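Please examine the model shown here with attention to its charged pairs, its nonpolar cores and its strand pairing. The paragraphs that follow take these topics in turn.

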Amino acid sequence: MRSLLLAFLLAAGAAHAQVTDDFERIGAWQAVASDGVRASVHGVPGHEGQALRLDFDFGGAAGYAAARRALPLDFGADYEISFWLRADAPLNNLEFKLVDASGDNVWWVNRPNFAISREWQLVKFKKRHVKFAWGPLADHTLRHTEKLELVVSAGRDGGHGSVYFDQLNVKTLDAAGPAPAPVFIASSGQVINGGWTSAAGGEQQMTVDFGRPREFGGLILHWAQPATRYDIDFSDDGRTWRTARRVTDGNGGTDPLLLHEAETRFLRIAAHAGPADRYRLERLEIKDLDFGESPNAFFQALAKTAPLGSYPRGMSGQQNYWTVLGVDGGHETGLLSEDGALEVARGGFSVEPFVVEGGKRSSWADVKVSQSLRENYLPIPSVTWSAPKWTLRTTAFAHGTPDRSGLAAQYEVANLTNEPLQLRLVLALRPFQVNPPMQFLNTPPGVSPIHDIAWDGAAFSVDGRRRVFAQRAPDAAGVSSFDAGGDGFGTTAVHDDTGFASGALAYDIRLSPRAVAQVGLTIPMTGEPQPASDLRALQDAVAASWRERLNRVAITVPPRGQAIVDTVRSSLAHMLMTRDGPMLRPGTRSYARSWIRDGAMMSEAMLRFGDDKVARDYLEWFAPHQFADGKVPCCVDKRGADPVPENDSQGEFIFLNAQLWKYTQDRALLERMWPRVMKAAAFMEAQRQSERTEAQRGSSLFGLLPASISHEGYSAKPMHSYWDDFWGLRGYRDAAMLAQVLGKPEAASLGAQAGEFERELFASLRLSASEHKVGYLPGAAELGDFDATSTTIALSPGGLQERLPQDLLAGTFERYWQQFVARRDGKLEWKDYTPYELRNVAAFVRLGWRDRAHELLDFFLRDRRPAAWNQWAEVVGRDAREPRFVGDMPHGWISSDYIRSALDLFAYERESDHALVLGAGLPRAWLAGEGVAVRGLRTAYGKLGYRVRERSGRIVLDIDAGMTVPPGGIIVRAANDRPGRATINGRAAPWQAGELRIGALPATVIIEQSTSKARP
């Protein structure tokens, strides 16, 4: 890989230059920047004459600076874009954008963290590098654009600097004719059908003349008598040569060579040395560009022809799954794959186990693989390989504190036979992440380069840092370059220019009949964790800590419901492990950023567990990133606030403040946050008023928040998403409530704005449904589309269930139910879904559809992957092994959606009358025996505790004292249309509209058995 060479070389064929802009005059260019970023353009001396200088200052924001101009361009069947480039700037992202006349459709070349030299360099993009970025256009072929943008967006470093552009050109390329047959020339010996046998050893050469420049992605050399030291050289004229790849320690056999974006007319194999007196190359394969498109593409191509198990599952054309390893609020995390590979840090290499029995190596592909968690819910995962004579159990966990954390891995080998058994356990350090190539957001996936690796007798150092420590001395250890074959037991230190070096530990284990042996590794993540000599004791201590953390709310259910409760506790751990300090995040790889929508809903889940500090710390961390005009950033990461306008953000930020007040009554916090709440509400009001023009009056858009892409379904083009409006209305109402609490004069105006917004929102919903002739609540006003999962926000946390148009509300969730049944029962074709659908469980509980809610839960719980790890990916495929982008695993926002829905089974607050509804999602079958008990569940009125069970045909509910009775009382819903007689604390209690209302605590409620049919 040539780190300083930015140019992508010309394709074969004649070129017709179209000088697009020589930058001699820059009046046509305009500087544009996102919120919080400064940008300007200037004419300066360039590579030839004048150039354009784009100055930028990100100012701590995660935004962009761009130079933009109107520039109509036509693109033929093949083309090349080129310009000269230099920079005085830190490392950031370079984007080249082409925009059509509508402004909605964008094509781009995106180069993340693009190193730009201080010296002028020629950059060339070919047709294959220009991708359709976004827009509603169905045909993504680039034919004509009207605008061009040269963009620097915040990357690794952010900061400020200058980027210079000169001599921007577009060239139309004529199609090349048939390629001539290559000509092979050898310095000695014979060349027959592309194979070469030299007459002698030492310095020998074979040259290939392609007849004209040829593009390719790599080579595979098939040696019968190898050169172990050789160069691959390129030349454009056959006289001046440049070395493209150097092999210094080849091992013969098959040599695959990655040559990214290679182009040359002449290719030369310059052999220098080998073990025999001559070289014999049986075959030279010239691989296409896809082969060398990236290191991931290279290894995926190799995996296709290798025995299954030679490479990780994710490299081998199968979807793989994993879980996170971390401490609460840790700054670094590892991953454990379903097959037992351990990724040591974000973007880091992995340790992969193999077992050798009788000379046969076994990998994940040769055994039965299963997974488990300690005590079925603690975040201490294990992977078990089962073979006929033995098992290997890999257990991994994180320990320490956010600033001093590490990973521990235990490998337990068991003899299943009544005879002695000799095995070799191999632990291989490989340049692959557990995070597979199909992932593409935020963290580059797949290959994790290892350039330098060494074994010092106690630990492996990788790229200069001691990373993997063996708990006991191995029987063999070593390292290997990629070219040497990766066996790793003959050398203790190696440098590998390719970045594909590896290492291995080997333990020769002789097991008595039915005996067990253990091997352990420790891996520092952050700081210097406390040394651990006894991994069993360390695991027990970690388990005890998590056990206390996850059981502050105690929920007891019968065995048939235990998976629901275990998954609640595991999901809480997942949210804690995916956060970085106070920053709540949905993930640690693809989504290692903090969205306010995720953080607000995760905070609500935390508050229901009594985790006030987690929610408070998050708010106090996020709030200072609010923009000066009151806009709340959709997302924040280490680069700063993201300026993308997502119009749900203001409502979510205000909701978070309101939830903290309701659960903590922390007036000092509320006083500090009030100016920010008011600014967010004012920003939202300005947005709302911008959509109340006379031109919009009478339309379904009137009075809504502006179109945005906050809903991912509308990322191609912003829409007036009712998701934004439900959150906005939540924000207005919460802001008015908080103003009342503080005695602020804005309370009346905020309340009036909320009322007006609600009326216009409901009118829009009705009008959009009518215009599109649908009987449900639409997802977006323009589209009339169906999105029940988005609509759940109107119920919780929106609190609008009783206020929405009831016919459209019922139509929404009845339609969802019918579609769900058809999908579940195989009557509806489907490919994948997102487990955000778990929100529908809570919606069904609130609608009184208890049995249906559990049918949803049964379906979704089956799609935990792996099921024993109590987690979901962001995307669940029908075919579990079809490769796809799945987001982070586990996904923290989905964890919070699950927790919120699962807790609603036991208790939820009904906003319409501020009542607390108990047990609305508990199946009758759960009440047998010891029944159901809840202790310590946090509500806005204090900690809730109750026990409910069925005895002798009567349901007995005991509710503890200790919490304030809500204004609307505590509600018990009837399970059917004709409930039996009821008493509260020994007094007859009337059913009203199918509900009992309890007004004092403690309370004992007894309900006589009813034979009526239960509600769905």
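Arg-639 is partly exposed, with a relative accessible area of 29%; buried denotes under 20% relative accessible area, exposed over 50%, and partly exposed the range in between, computed with a 1.4 Å probe on protein chains only. Arg-639 forms a salt bridge with Asp-637, and the closest N and O atoms are 3.0 Å apart. Asp-637 itself counts as buried, at 10% relative accessibility. A salt bridge here is a side-chain nitrogen of Lys or Arg within 4 Å of a carboxyl oxygen of Asp or Glu. The model is predicted, so that local features need pLDDT of at least 70 and side-chain atom pairs count only at pLDDT 80 or more, while totals for chains, interfaces and linings use all residues. Residues are numbered from 1 along each chain as its sequence is written, and side-chain values use heavy atoms, with hydrogens and water left out.

The structure holds 87 salt bridges. One of them joins Arg-246 to Asp-231 at 3.0 Å, N to O. This pair links distant parts of the chain, with Arg-246 in strand β18 (residues 242–247) and Asp-231 in strand β17 (residues 229–235), 15 residues apart; helices (H or I, at least four residues) and strands (E, at least two) are DSSP runs numbered from the N terminus. Arg-246 is partly exposed at 48% relative accessibility, whereas Asp-231 is buried at 8%. In another salt bridge, Arg-823 and Glu-837 have their closest N and O atoms 2.7 Å apart. Here Arg-823 belongs to helix α11 (residues 806–824), and Glu-837 to the loop between β42 (832–833) and α12. Arg-823 is buried at 9% relative accessibility, and Glu-837 is buried at 10%. A network of salt bridges links Asp-328, Glu-548, Arg-549, Arg-552, Arg-579 and Asp-611.

Helix α12 (residues 839–847) has 8 of its 9 residues buried, so it is largely enclosed by the rest of the structure. Just after α12, Gly-848 adopts a positive phi of about 90°.

The largest nonpolar core has 162 residues, and Leu-804, Phe-906 and Tyr-946 have the most contacts inside it. Such a core is a set of buried Ala, Val, Leu, Ile, Met, Phe, Trp, Tyr and Cys residues joined through side-chain atoms within 4.5 Å. Helix α8 (residues 722–742) contributes the largest share of this core, 11 residues. Arg-730 also lies in helix α8 and is buried, with a relative accessible area of 7%. The side chain of Arg-730 reaches the backbone oxygen of Pro-797 at 2.9 Å.

Turning to the strands, an open sheet of 4 strands has the order β44-β45-β49-β52, with mixed pairing; two strands pair if DSSP finds at least two bridges between them. β44 (907–910) and β52 (995–998) stand at the edges with a single partner strand each, so one side of each is left without a neighbour in the sheet. β44 pairs with strand β45 (residues 915–918) in the antiparallel sense over 4 bridges, and Arg-910 stands opposite Ala-915 in β45.

Strand β53 (residues 1003–1008) has a covered face of Ala-1003, Val-1005 and Ile-1007, and an uncovered one of Thr-1004, Ile-1006 and Glu-1008. Strand β48 (residues 954–959) runs antiparallel to β53, joined by 6 bridges. The bridge partner of Val-956 in β53 is Ile-1006. Strand β50 (residues 982–984) also pairs with β53 in the antiparallel sense, over 3 bridges.

Terms used:
Polar contact = N/O pair within 3.5 Å; in protein donor to acceptor, adjacent residues only side chain to side chain.
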